[in-house]
Amino acid sequence: MQPSRGQPLPAPTNNAVYHTYRSDLSQVRALVLRQARQAGLTEGRANDLVLAVSEVAANTLRHTRSPGTLAIWHDEDEIVCEIRDAGTITDPSVGRRKPPPGASGGHGLWLVRQVCDLVELTSDASGTTVRMHMTLRQPRAAG
Amino acid sequence: MDLLTTSVATVESGSEPYTLVELVGEADVTNSDALREVLDAEVAKRPRTLIIDLSGLRFMDSSALHVILRANRAMDRQGGVVALASPREPVAKMLRLTAADQLIPVYASVSDASAG
């Protein structure tokens, strides 16, 4: 999940659902859960995706003063949740190492990496985009 | 309705009373300060055992986890014990992934937790 620079991610597909949030993460979670179930994710993996999106959206509230945008889309193969906000992630190793048990921070992005099948992160002075992918076919063994 | 409601009771059980904090709803970054205040107030009363009932908790994020870990450290320093009771699967999984369940014992029920 090293932030890449100068390589914009491809645009979301046309059927994406968009939601802007300022403070209500419960709405964000409810939307992700609904879309994940509709797309056919198992309940456990739907809840994994809810946790991941909520952790990234929580960073918007912690680190920026502006709203964030959630986009959700899926095709036959995967469901993707994208969070965009005005924050900047400068530490390229963020979320890559497991925080020691009892650490008083650093679990958020680490959890995101644990529960998602693929995480893409781009960040520069204009903002941060995090895309969380969950495969719909070939479900993994529950973790 | 509040996203997270907390209720606190002192339970007289057998030899020793314990403090029971029940969390209902969703615990996230938007209410972790309030949760911290509730737990800090109970820790300050220096109970021997503080049991947090998670059975009504639909969601918990890392902010809420950090508040619980903080309470656990404070209790540990003053010779007390924190126990977690009956987390639902999404919360239980989060406790496993962060290895918080290795620091704070997790029990299937409040009565199991109070029996230690």
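A residue is called buried if 20 or more other C-beta atoms, placed from the backbone, lie within 10 Å of its own, exposed if 12 or fewer do, and partly exposed in between. This is a predicted model, in which local features need pLDDT of at least 70 and side-chain atom pairs count only at pLDDT 80 or more, while totals for chains, interfaces and linings use all residues. Residues are numbered from 1 along each chain as its sequence is written, and chains are lettered from A in the order in which they are written.

**Exercise 1. Describe the makeup of chain A, including what share of its residues is buried.**

Step 1: with helices (H or I, at least four residues) and strands (E, at least two) taken as DSSP runs numbered from the N terminus, chain A has three helices and five strands. Step 2: read from the N terminus, these elements follow the order β-α-α-β-β-α-β-β. Step 3: of the 143 residues in chain A, 36% are buried.

**Exercise 2. Work out how α1(A) and α2(A) pack, and which residues make the contact.**

Step 1: two packed helices are described by the angle between their axes and the distance between the axes. Step 2: with axes fitted as lines to C-alpha atoms over the stretch in contact, and angles running from 0 to 180 degrees between N-to-C directions, α1(A) and α2(A) pack at about 145° with their axes 9 Å apart. Step 3: residues are in contact if their C-beta atoms, placed from the backbone, lie within 7 Å, and the contributors include Val28(A) and Leu33(A) of α1(A) together with Leu49(A) and Val53(A) of α2(A). Step 4: counting Ala, Val, Leu, Ile, Met, Phe, Trp, Tyr, Cys and Pro as nonpolar, Asp, Glu, Lys and Arg as charged, and the others, Gly among them, as polar, this contact of α1(A) with α2(A) holds 11 nonpolar, one polar and two charged residues.

**Exercise 3. Characterise the side of chain A that touches chain B.**

Step 1: 19 residues of chain A are in contact with 21 residues of chain B. Step 2: the elements of chain A giving two or more residues to this side are α1 (25–39), α2 (43–63) and α3 (107–115), and the largest share, seven residues, comes from α2(A). Step 3: the residues on this side of chain A divide into six nonpolar, 10 polar and three charged.

**Exercise 4. Summarise the makeup of chain B.**

Step 1: chain B contains five helices and five strands, arranged along the sequence as β-β-α-β-α-β-α-α-β-α. Step 2: of its 116 residues, 45% are buried.

Conventions
Two residues are in contact if their C-beta atoms, placed from the backbone, lie within 7 Å.
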